[in-house]
Amino acid sequence: MSFQVTGLGLDKMKLDSPQAFLDPEEVEEVEDGQLLEPEAWRTYMERRNALREFLTSDLSPHLLKRHHARMELLQKCSFYIEILPKHLALGDQNPLVLPNTMFQLIDPWKFRRMKKVGTAQTKIQLLLLGDLLEQLDHGRAQLDALLESPDPRPFLAGWRRVERRLADLSAVMDNFLAMMVPGRLYIKHRLVSDISATKVPHIRLVLSTKVPVMFDRKESVAHQDRVSLRWFVTIQPASPEQFELRFKLLEPRTQQECTQCGLIPVAACTFEVRNLLPNRAYKFTIKRAESYTLVYEPWRDSLTLHTKPGPPEGACPLPAGPTRLAPNHTF
């Protein structure tokens, strides 16, 4: 995947100085200048309004905040390789080959190597997205400082450089939006061995994402010797998913207590972990079950709950309802 990133050089400018947009000769000219003529003042107001419009629409704080939220979500997503047919082979009257059928034709060793390429490409894409978003933040801060300056003369004298900054920031925004959606995975070698099929299908590889699995922190509750857990995904999948639930006792005190841990495969979005110790803290993590097409999964949700204390020694235990506890977020 090839990307062209336009550098702005914003880190070399002082945020509180409009003269940062001027050459040294322009600064001297501004300092020696007189008050603005009416025509120059009108030009200044027009350009100032144009800059303000750009900062309130194309690069508004609300828009940048939304992009930061999207970026945070993307960093928690799981990334997969999808195998899609390009088109039917010449003279083939059969329906499109399904992905499951294609896996039977693909060389396993080549596909494992391709997954490593997908992992590297995903990491690079996330790093570039973070860099682009940082450039947008710095660029807006620079232009906002210029807009708030009380002196109109540096603004007018450096307008050409301001226009170049606006064009650069627009290009950075376009690159950022284009990279937010994982795209084609570029390959140099054929994944299908010639000897494995008489008619080799034309395929393309695409990186796709799945939103993270997260605990429902309102519905997950601790009891005396068990914990009822619930989790969800914001976008419901087309088919049922398999999950892996892990748990472990925090700070075990004996060798026997070290066995209070485990991995549980679950085919639903709820589960109750039983036979836990009272008045102890347990950590739980949830993720999708491992998939053959998974290439990168940098994050999984974690939750810490404390079981309810048991009855005092010698006292008759009374039935009690569940206690809702404040979970400890661990990301």
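# Reading a predicted model

Tutor: A search of the whole structure finds 0 disulfides, a disulfide being a pair of cysteine sulfur atoms within 2.5 Å. The model is predicted, so local features need pLDDT of at least 70 and side-chain atom pairs count only at pLDDT 80 or more, while totals for chains, interfaces and linings use all residues. Residues are numbered from 1 along each chain as its sequence is written, and side-chain values use heavy atoms, with hydrogens and water left out.

Student: How many residues does helix α3 have, and what should they span?

Tutor: Helices (H or I, at least four residues) and strands (E, at least two) are DSSP runs, numbered from the N terminus. The expected span of a helix is 1.5 Å times one less than its number of residues. Helix α3, residues 61-76, has 16 residues and should span 22 Å; the C-alpha atoms at its ends are 23 Å apart, which agrees.

Student: Which residues of α3 are buried?

Tutor: Leu-63, Leu-64, His-67, Met-71 and Leu-74 are the buried residues of α3. They cover an arc of only 95° around the axis, which puts them on the same side of α3; the arc is that of the directions from the helix axis to the C-beta atoms. Exposed on the other side of α3 are Pro-61, His-62 and Lys-65.

Student: How many aromatic pairs does the structure hold?

Tutor: Rings of Phe, Tyr and Trp (its six-membered ring) pair if their centres lie within 6.5 Å; planes under 30 degrees apart count as stacked, over 60 as edge-to-face and the rest as tilted. The structure holds 8 such pairs. One of them, Tyr-44 with Phe-155, is edge-to-face, with 5.4 Å centre to centre and 90° between the planes. Tyr-44 lies in helix α2 (residues 38-56) and Phe-155 in helix α6 (residues 152-157), so the pair ties together parts 111 residues apart in sequence. Tyr-44 is buried at 5% relative accessible area, and Phe-155 is buried at 2%. Ring pairs link Tyr-44 and Phe-155 with Trp-41 and Trp-159 into a cluster.

Student: Which ring has the charged end of Lys-210 over it?

Tutor: A charge sits over a ring if NZ of Lys or CZ of Arg is within 6 Å of the ring centre and within 35 degrees of the ring normal. The charged end of Lys-210 sits over the ring of Tyr-80, 4.8 Å from the ring centre. Lys-115 lies over the face of Tyr-292, at 5.4 Å from the ring centre.

Student: How many bridges join strand β3 to strand β5?

Tutor: Two strands pair if DSSP finds at least two bridges between them. Strands β3 (residues 214-215) and β5 (residues 227-232) run antiparallel and are joined by 2 bridges. Met-214 has Phe-232 in β5 as its bridge partner. Strand β4 (residues 221-222) pairs with β5 over 2 bridges, in the antiparallel sense, and a hairpin of 4 residues joins β4 to β5. With strand β8 (residues 270-273), β5 pairs in the antiparallel sense over 4 bridges; there Arg-230 has Thr-270 as its bridge partner.

Student: Where is Phe-215 found?

Tutor: Phe-215 is in strand β3 and is buried, with a relative accessible area of 2%. Phe-215 and Phe-232 are 17 residues apart in sequence, with 6.4 Å between their C-alpha atoms.

Key: Buried means under 20% relative accessible area, exposed over 50%, partly exposed in between (1.4 Å probe, protein chains only).
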